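Subject: Structure for your files

Dear colleague,

Please find the structure below, sequence included. My notes on it follow.

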Amino acid sequence: MARSISFNDPLRERRSFGARVALLFTIAVLLIAVLVTRLVQLQVWEFETYQTRSDENRIQVQPLAPPRGLIYDRNGVLLADNTTIYSLALVRERVDDMEALLARLNQLVGLDAEELEGYERRLKRRRRPFEPVTMKEILSEAEIARLAVERHRLPGVEIVTELVRRYPANSASLFAHAVGSVRRVTEEDLQRLDPVSYSATRYLGRRGVERFYENSLHGQVGYQQVETDAHGRIRQVLEINPPVSGKDITLHLDHRLQIAASAALGGRRGAVVALDPRSGGVLAMVSNPGYDPNLFISGMTGETYSALLNSRDKPLFNRAINGQYAPGSTFKPIVGLAGIATGETNWSEHIEDRGWFKLPNQERIYRDWSWTARNSGGQGVVNLNRAIYRSSNVYFYDLASRIGIARLAPFAAQFGLGQNLAEDISLASSGLLPDPIWKQGVKGQVWYPGDTVNLGIGQGDLLVTPLQLATISATLANRGRVVRPRMLLESNRALVELDPLPAPEPVQGLSPEDWELMVDSMEDVVHRGNKGYGQNGTAWAYIGRGIDYRMAGKSGTAQVVEIRQGEEYDEEELGEFNRKHAWFIAFAPADNPVIALAVLVENGGGGSSVAGPVAREVLDAYLLPQLAAK
Amino acid sequence: MSSQDFVRTLPSAGSGSAGATLLRVHLDPLFLCVLIAIVCYGLVVLFSAVNRDMDVFGNQLIRMGIAFIALFAAAQLQPSFYLRWAPFVYIGGVVLLVLVLLIGVEVKGSQRWLDIPGLPRFQPSELMKIAVPMMVAWYFHDRPLPPRFKDVCAALLIIAIPAACIIRQPDLGTGILVAGAGVAVLVLAGLYWRWILYAGLSLAVAAPGLWYTLQDYQRQRILTLFDPQSDPLGAGWNIIQSTTAIGSGGVWGKGLFQGTQSHLEFLPESQTDFIIAVVGEELGLVGILGLLALYLIVIARGLMIAVQAQSTFGRLLAGALTLTFFVYVFVNIGMVSGLLPVVGVPLPLVSYGGTSAITLMAGFGIIMSVRTHRSR
């Protein structure tokens with residue numbers, strides 16, 4: 001009986017059981033030794049790795065965006081401020097039912113397709129787990145209140161606050177072109193910008209002063225070390241290294257003058273640039289129409305944007321620094337001075353102006369602006385002084401052809417034509433000062449003597465911006481001392497961008513008397529009146545009466561379409577956008593100028609009649625309070 | 001290690017009146033003291049793991065009280081009582097398991113609970129952790145040992161029926177533990193080593209086939225073990241966070257209540273299956289070694305009682321229950337420290353939860369019963 005064996009031998013069974021238990025216990029001890037080895041590995045040998053990993057888990061370093069530096073006008077009026085905005089962000093990991101949440105949010109604050117697309121796009125970017133992703137920016141007070149009420153029912157929804165640029169409502173579009181604006185930092189920007197310094201910054205200077213002084217306005221990024229839990233909620237701030245706000249800067253701009261210049265232009269397309277000729281400081285820079293730069297921060301619908309972009313009036317286009325036009329007769333003072341400097345003429349020499357000019361051995365007839373088919377016109381006997389105040393084309397056709405392009409172009413270049421003289425307006429266009437080398441290189445044509453004739457009255461290929469023409473006005477006001485236009489007056493701390501450019505060379509070859517006589521001639525443009533038909537300054541009838549100060553000026557009209565031989569310029573027949581541009585340059589007081597400006601009215605017509613009154617209004621606005629104070 | 005070591009740690013056990021009193025109520029003094037030490041240690045750690053939540057802590061305190069009552073009650077019954085009732089308990093348990101599959105309550109995708117009106121909700125699979133080794137020990141108590149081949153086959157059948165039911169729930173972890181408890185009896189009964197070797201070899205051969213019988217999530221857990229970084233926010237999250245918690249504790253730990261991994265909620269299941277990571281993080285290597293030492297004393301004491309038991313049934317049962325306890329400890333710490341795949345095994349007497357503690361304590365009560373009820 002097999003079964004009885006065990007009963008018969010309990011001792012043996014017991015001994016074999018004991019041996020087994022001893023063996024199993026040994027195995028258990030060995031297995032526990034394996035566990036202990038693993039624990040020693042984790043807690044002793046690799047302790048530092050895991051300690052680091054644990055700290056990385058809980059400690060997040062968050063960059064803190066610096067508040068952008070403020071921008072003031074010369075009187076301390078705030079032109080660019082910062083404001084707090086609230087935006088809606090989602091923590092994807094905490095949202096259980098995305099569809100239901102989106103439906104609810106849509107009811108509460110309204111989400112459009114663009115916002116949803118933007119969210120999906122941002123969601124795909126690299127991010128930490130539980131990092132909030134922006135869904136809708138700039139919530140209204142009412143929207144914030146509605147979200148706050150529903151908050152506990154909206155897991156994963158967060159309201160994020162942020163400090164952004166704000167242009168004061170009453171001056172936003174007035175200063176848009178002068179101060180510039182900021183725009184959102186894009187992916188491409190991040191490749192170019194310092195990734196550390198811009199790690200929390202969402203806007204950067206897009207144009208104007210905001211762009212040029214970006215580095216100073218931006219400030220220094222700060223950091224905070226926070227302890228977060230696994231759900232990304234901040235439990236405590238461990239350490240904070242606050243950001244350093246950007247530097248505040250004060251501009252030469254004069255808030256009141258800017259308003260006056262804009263008012264003087266009325267609703268017309270055009271530009272006014274006013275400089276302090278002593279420093280080159282830009283007192284006013286208006287480009288009409290303007291736009292509301294806040295739109296680029298708060299965002300706008302695609303419709304609004306394309307309307308801004310495609311408007312015939314080009315509101316986004318800064319005419320003051322990027323609009324390039326023929327200067328027309330405003331160029332004549334330079335040609336006249338070139339004639340004196342080269343010795344081709346003097347202040348007493350005179351010619352007979354019959355209303356037309358012909359180059360020797362050429363058929364082409366160059367006509368004066370006063371030429372009509374019925375009455376050949378002409379200014380009669382003209383010297384340089386009369387040629388300026390009567391704006392004789394024939395005189396300057398003749399003078400320019402005698403000077404020749406080889407001498408005229410270098411002389412004109414001293415006034416900053418064909419280059420951007422500005423100290424801190426980097427995006428300003430440089431215009432065009434044509435010469436034979438340029439024409440051969442770009443147009444592939446030789447320079448004809450006729451080109452020089454056209455240049456004599458500021459037509460042809462010559463192009464200037466209002467800023468350049470204001471600079472020329474300042475140079476005339478300064479009797480030949482050239483100044484760089486500049487926006488920055490001062491700042492509360494040293495600016496990184498402040499590495500001043502060398503002062504330009506003054507205009508060479510002219511005596512102080514020559515300059516005074518030219519200024520006198522320009523004063524005659526405005527003040528010479530009551531002398532009878534054909535004897536008054538071209539602008540006197542429009543602006544010359546009732547002036548309490550001496551003003552020097554010069555009008556100009558720039559052709560937009562070519563008037564063919566033998567045809568008359570008829571404003572009524574041409575469409576609005578084909579009419580001539582009206583120019584006026586001026587400075588005052590003539591003997592000790594404190595302001596020099598250039599006015600452009602696009603398709604405005606006559607320089608004296610249209611742009612002249614604008615110039616007068618701006619000068620009045622600047623000088624009359626000063627005169628009254630004395 | 002000899003039995004003398006343990007006697008020395010508790011000088012009063014042999015001669016003191018307190019020890020004698022305990023023995024009179026069928027409690028082993030050393031065993032009881034160590035169990036109380038583990039439970040107290042566990043309560044302290046749990047108190048930290050639940051962020052000093054008095055409600056949760058109070059719950060656990062009550063459950064532990066019930067568990068000790070279960071221990072006391074189980075110790076009062078004679079081993080012969082268990083021998084007599086083993087087949088009925090086993091059959092009853094299997095019936096309940098079948099009921100679970102038919103009308104069980106589903107929680108988190110698996111059907112483990114039985115909700116019979118008038119009774120608290122419970123898991124019959126817990127009962128089987130005791131019933132299966134008891135039944136196998138019953139089967140061998142009057143059969144020749146080492147077991148013959150046909151007896152081994154019969155025992156395997158006894159093990160396989162409930163284990164299969166539990167795995168079907170699905171609850172692979174408990175199924176394997178229940179099967180393991182039964183197999184422990186077989187091994188203790190003197191199963192030939194070469195048979196164990198054959199079984200091991202055939203398992204190794206069958207492993208690729210078994211792979212395909214696993215659920216997707218189970219495969220994922222095994223793969224994750226080898227490369228947790230492949231899915232750090234998903235399947236790998238638990239194991240990355242638990243090893244980080246343990247490793248960052250270092251030798252001395254971050255201090256009680258100071259664990260960042262657990263308190264900042266990086267560590268999942270920090271109150272239940274992963275609580276050893278809290279021990280490791282807050283009390284360091286020293287803290288875990290202390291707990292392991294306590295566990296080792298329990299195991300040594302349990303095995304010693306088995307060796308000294310008078311009957312085959314008592315020997316097998318006490319030995320198997322002790323080994324099962326060891327397996328719990330090893331599997332739990334192994335899985336949390338990243339040595340084993342994640343299976344749902346709580347850390348005995350420490351993890352939050354009542355059912356497992358009550359079963360374990362009842363098991364220890366049976367071991368004490370084997371120790372204290374001696375025929376003269």
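A crossing of two helices is called left-handed if the near helix is turned anticlockwise from the far one by less than a right angle, and right-handed if clockwise. Helices (H or I, at least four residues) and strands (E, at least two) are DSSP runs, numbered from the N terminus.

This is a predicted model: local features need pLDDT of at least 70, side-chain atom pairs count only at pLDDT 80 or more, and totals for chains, interfaces and linings use all residues. Residues are numbered from 1 along each chain as its sequence is written, while chains are lettered from A and ligands numbered from 1 in the order in which they are written.

Helix pair in chain B

The crossing of α12(B) and α14(B) is left-handed. Helix α12 covers residues 237–249 of chain B and helix α14 residues 275–308 of chain B; their axes come within 6 Å and cross at roughly 25 degrees. Axes are lines fitted to C-alpha atoms, for helices over the stretch in contact, with angles from 0 to 180 degrees between N-to-C directions. α12(B) and α14(B) are therefore roughly parallel to each other (under 35 degrees; over 145 would be roughly antiparallel, 65 to 115 roughly perpendicular, the rest oblique).

On the α12(B) side, the contact involves S242(B), A245(B), I246(B), S248(B) and G249(B), which meet A277(B), G280(B), E281(B), E282(B) and G284(B) of α14(B). Contact here means C-beta atoms, placed from the backbone, within 7 Å. The residues of this contact comprise 3 nonpolar, 5 polar and 2 charged (nonpolar: Ala, Val, Leu, Ile, Met, Phe, Trp, Tyr, Cys and Pro; charged: Asp, Glu, Lys and Arg; polar: the others, Gly among them).

Sheet in chain A

An open, antiparallel sheet of 5 strands in chain A has the order β12-β11-β20-β19-β18; two strands pair if DSSP finds at least two bridges between them. β12 (282–288) and β18 (552–558) of chain A are the edge strands, each pairing on one side only. On average, neighbouring strands of this sheet are turned by 10 degrees against each other, direction ignored.

β11 (residues 270–275) of chain A pairs with β12(A) over 6 bridges, and A271(A) has S287(A) as its bridge partner in β12(A). Helix α11 (residues 255–265) of chain A packs on the sheet, touching β11 and β12 of chain A, at about 35 degrees to β12(A).

Chain A against chain B

In total, 37 residues of chain A contact 40 residues of chain B. α2(A) gives the most to the side of chain A that touches chain B, with 19 residues.

Regards

Methods
Two residues are in contact if their C-beta atoms, placed from the backbone, lie within 7 Å.
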